[in-house]
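Colleague: I am new to this one, and I would like to learn how to read it. Could you take me through it step by step?

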Amino acid sequence: MTVMTDAQTGTDAATLPRAQRAIGLFVAGLRLATLAQMLPSLVAALDQGEHRALTALTWAVASAMALATAAVCVVRRRPPGTAWACLDTAVAVGLLFVGLVTVPVELRTGSWIGFQSAYSLSVAGSLVGVRDVRIWGALVGTLVAARAVYVLPIISTAADVPTVVGELFTMLGLAPLAWFGVGTVLRIAQDADESRAYAARLAREDEERKARAAIHNGTALMKILVDQGALGAVDSRTPSQVWVQAATELNRMRAYLAGGPGQTGEEPHDLAELVENIATEFTDLPLDVVPDLARGTTLGAEATDLATALRSILINVRQHANATRVVLHAEELEDTPGWAVTVHDDGVGFDTRETTYGVGIRTLTLDQLSPHGIETTIDSVPGLGTTVTLTREGDR
Amino acid sequence: MTDPDQSSDVRFSLVDDATAVRESLAVLLPDLTFVSSHPSLEDFLAAAPRADVVILDLHLVNLRQPDAAQGVAAIHAAVDAGYRVCVYTQEERRFVLASCLAAGATGVVSKSSTLAETRTAFLAVSRGELVAPPSVTGLIEALVRRGRVTVLNKRQREVLAGRARGLTYAELSRTLYLSESTLRGYWRDLSGVVSSYLQDSSPGDIERALGLGPGDLVDHWPTRSAADDLD
């Protein structure tokens, strides 16, 4: 029986919120890092120029806005939304314009005394939470224009032009890069969540399909038996085939209730896994699997032939034994290297001296296993049941 | 020689929330003496019938009794009240069934067993014999093989190995050249040792012994707090 965990269903492990939180932390880090780069130049900035109070105000506003933006990111567990981004941009533009007064022209690039330029770049990088491309474009465009106004006075000769162009291209290059990168991360996270939900739905549908298969035929048979029971004819007139089918369906329901590993489609080389896999193919048998002593027992090239032999033995049990209990036991031998697999049924049994083995036992079991050094013993008593033991002694 | 299957004067009481099971089991097993039947363990404990074995369904909660005790808590409570417990259930998961033994049940019997098998199993439990399907017996064999249960002698280990492979006493008798009653005696002796080990060991010990991952048994394994919840 498949049971989905929270992690598998995605209820507690959605990727999108985690991606948004990571991006929010990135923006918070970006703003705090910019602030950290600004602060060593604070004293120098206050010491120069004649607008000391206004300069102090711009530094205070920039610091407060950077800290507030970082706090918003941490609290919301995502980057700032559109409203905050507009406010952030407006403040940055205001700082650039005030910088025209407070920052000498020669200090507007290449110096943290004129922090406005780098600050506006960090604001542009913080706009990744605005996912409407038109709004984002307008905000970045506003910042680029304000930054152009701030740095254009630098140009006094032709040699200054590349510096200004480079300043503006930095923002025009990095801001879109961050925005598209974040968009890609968010899309990947969203795809992961949708895939997880899809896998959970498939698993749930598969579980429902297995449940329906387990009870469908059984329900129909019970209806037949109940109908006949109402007529008082259950014991004497119910066709024996109906009872045989009823037993088969009962075993199928028991196998579903017992759960266990699903079929993987290839032969494992761990002996315990191999017998567990084979058991899943015989859910119509009243099969108990006892693999505990075989865990970690590694098979070599004999795995495929062993699996074929076990299937052949269990098909024989299905067709001939009429068993109410079948036990498939696997073990690593206790006193000598090697392993053994035992298939026991409590069915009709047979006289081993008088019975000629069919193709299944003779060819698929005895002939194919002996080249691997696997010995097959069959012990059966009419009325008691049959035990087939496959033993491989010695190191592989 | 005593017939191991004789019902004698063993008194059974049945606790099952399914009315059909309560009403029919005594009819289907006419030579067993059922002194009472109850829809819940609380009802059973209040009545305190004079029974030797309580046949206990594992799942007792339903719409009529949503707060009924069930599972290992119910087993603990019945054992603490002085009853020998045989769990009678549709539950097939072997770790869950093993946890019933760890909680103090003497046997676990599947409701899908034939009436003959069920009768034999109930009587075996009344004699104090551990009754479990081969899948659970295989777990016990693994614990013995890995030295966790150490006081078993050679014959007891042979009987355990045979039972884990699904062999009946009749089949074991042929291969070990011992009478069925002797084999039952070996099984009865090892039942006590195994029951004590299961009840005294932590899930972690058993996980390590069986090579399971940490926590694989915790969801199933009984704790005393489970029983306390009933108080």
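This is a predicted model: local features need pLDDT of at least 70, side-chain atom pairs count only at pLDDT 80 or more; totals for chains, interfaces and linings use all residues.

Colleague: Let us begin with chain B: how many helices and strands are in its secondary structure?

Modeller: Helices (H or I, at least four residues) and strands (E, at least two) are DSSP runs, numbered from the N terminus. Chain B has 11 helices and five strands.

Colleague: And what share of its residues count as buried?

Modeller: Buried means under 20% relative accessible area, exposed over 50%, and partly exposed in between (1.4 Å probe, protein chains only). In chain B, 54% of the 231 residues are buried. After α4(B) comes G104(B), with a positive phi near 120 degrees.

Colleague: Now the interface. How many residues does each chain bring to the contact?

Modeller: Contact means heavy atoms within 4.5 Å. Chain B brings 25 residues and chain A brings 27. Buried area is the accessible area (1.4 Å probe) that two parts lose on being put together, summed over both. Here the two chains bury about 2,200 Å² between them, with 51% of it on carbon and sulfur atoms. On the side of chain B, E92(B), R145(B) and R165(B) lose the most area to chain A, together 28% of what that side buries.

Colleague: How many salt bridges does the rule find across the interface of chain B and chain A?

Modeller: A salt bridge is a side-chain nitrogen of Lys or Arg within 4 Å of a carboxyl oxygen of Asp or Glu. The rule finds six across this interface. One of them joins E331(A) and R165(B), whose closest N and O atoms are 2.7 Å apart. The elements of chain B that give two or more residues to the side touching chain A are α6 (134-145), α7 (154-164) and α8 (169-176). Of these, α6(B) gives the most, with seven residues.

Colleague: Which residues make the nonpolar surface patch?

Modeller: Patches are made of residues with over 30% relative accessible area and no salt bridge: like charges are joined within 9 Å, nonpolar side chains (Val, Leu, Ile, Met, Phe, Trp, Tyr) within 5 Å. Areas come from the Shrake-Rupley method with a 1.4 Å probe; for residues, only the protein chains shown count as cover. L54(A), L57(A), V61(A), F97(A), L100(A), V101(A) and V149(A) make a patch of about 530 Å². Helices α4 (52-76) and α5 (82-102) of chain A each supply at least two of its residues. F97(A) sits in α5 of chain A and counts as partly exposed, at 41% relative accessibility.

Colleague: Last, where is R77(A) placed?

Modeller: R77(A) lies in the loop between α4 and α5 of chain A. Its phi is near 55 degrees, a positive value in a residue other than glycine. R77(A) is exposed, because its relative accessibility is 52%.

Terms used: Residues are numbered from 1 along each chain as its sequence is written. Chains are lettered from A and ligands numbered from 1 in the order in which they are written. Side-chain values use heavy atoms; hydrogens and water are left out.
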